[in-house]
Amino acid sequence: MNRWISAFRLRTLPLSLSLIAMGTILAYQRQIFAWEICIFALLTTLALQILSNLCNDYGDSVKGVDNAQRVGPQRAIQSGAISPSEMRIAILIWALLSLFFGISLLYFSYPRLGLNGILTLFLIGLLCIAAAITYTMGKKPYGYMGLGDLSVFLFFGLVGVAGSESLYEGALWLPALLPATSIGLLSVGVLNMNNMRDYEGDRLSGKHTLVVKMGIDNARIYHLCLLIVSFVALVAYIVLYGIPTQFISLLTIPLFVKNALFVYTHTGRALDKQLPLIAMGTFLTVMLFVIGTLI
């Protein structure tokens, strides 16, 4: 069991919790909260995150990116803890679980969304599953072409936050795009740090992430921009549509300043210790936003 828990990469799950918590608290603020939607939105997102992690393990191992020179933690297939055939079965199981939870979520959302809304979100759900699988798997994985950052922003930001809020709303509430942008950019920041850590290995193995394309120095500037714009978007939402107590979510800014300074002075393996910090920082920012909404 421990080998599978390790393969699930639980330290990435706070990001999934963050986007659903943000979408849900926006709905609560508008007095349209529903427990059944919250529970199945959370289950769907966690299943998709685990599916993505397993697919990344398989895809990178098959393509030789996870090799002896890998800087980050050993992956399950790379270490021999899980065989490729076992991983393929696990990928199928989690893809089916994602589909099951997603359909259940749409079932409870039907009274709000109607048939057209349900069909639209069903197609988006299928795209989420496809995106999780094809990030590193297949003949032309988009993660190897520098498109991972865009995918994370779309699915961990716009779809994850604004999309989950729309399940309660019954339609897209445009102001939700501001906090969606904030969480999406912080999630991209996690990916950017991950790719900065793996820069040398990715470059040598032909995995052309955005960091490989732009270089480490530009990736540092890019990282700083992600953090700044993220909090600008969050402040803009609070000023225009929120309540003053939500400003307590900005208490995490010093943590992200520390992260930005660390990124500017370290490379390679040293960045690995910062990955859980920025993921948990994102989660803490959302939790403070939730508290600020409830008090």
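E165 is buried in this predicted model, with a relative accessible area of 0%. Its salt-bridge partner is R30, and the closest N and O atoms of the two are 4.0 Å apart. Because R30 lies in the loop between α2 and α3 while E165 belongs to helix α6 (residues 148-169), the pair ties together parts that are 135 residues apart in sequence. R30 has a relative accessibility of 34% and counts as partly exposed, whereas E165 is buried.

The structure holds nine salt bridges. Another of them joins D272 to R11, with the closest N and O atoms 3.0 Å apart. D272 lies in the loop between α11 and α12 and R11 in the loop between α1 and α2, so this pair ties together parts that are 261 residues apart in sequence. D272 counts as buried because its relative accessibility, 17%, falls under the 20% limit. R11, at 36%, counts as partly exposed. Both residues also belong to a network of salt bridges that links R11, R197, D198 and D272.

R3 forms a salt bridge with E86, their closest N and O atoms being 3.2 Å apart. This pair links distant parts of the chain, with R3 in helix α1 (residues 2-8) and E86 in helix α5 (residues 84-134), 83 residues apart. Both ends are partly exposed: E86 has a relative accessible area of 29%, and R3 has one of 32%.

Helices α2 (13-29), α3 (35-62) and α12 (274-294) each supply at least two lining residues. The largest share, six residues, comes from α2. By class, the lining has 13 nonpolar residues, one polar residue and no charged residues.

Y264 lies in helix α11 (residues 253-265). With a relative accessibility of 38%, Y264 counts as partly exposed; the value passes the patch cut-off of over 30% relative accessible area.

Note on methods. Residues numbered from 1 in each chain as written. Predicted model: local features only at pLDDT ≥ 70, side-chain atom pairs only at ≥ 80, totals over all residues. Heavy atoms only, no water. Helix = DSSP H or I, 4+ residues; strand = E, 2+ residues; numbered from the N terminus. Nonpolar A, V, L, I, M, F, W, Y, C, P; charged D, E, K, R; others polar. Buried < 20%, exposed > 50% of the residue type's maximum accessible area, 1.4 Å probe, protein only. Salt bridge = Lys/Arg side-chain N within 4 Å of Asp/Glu carboxyl O.
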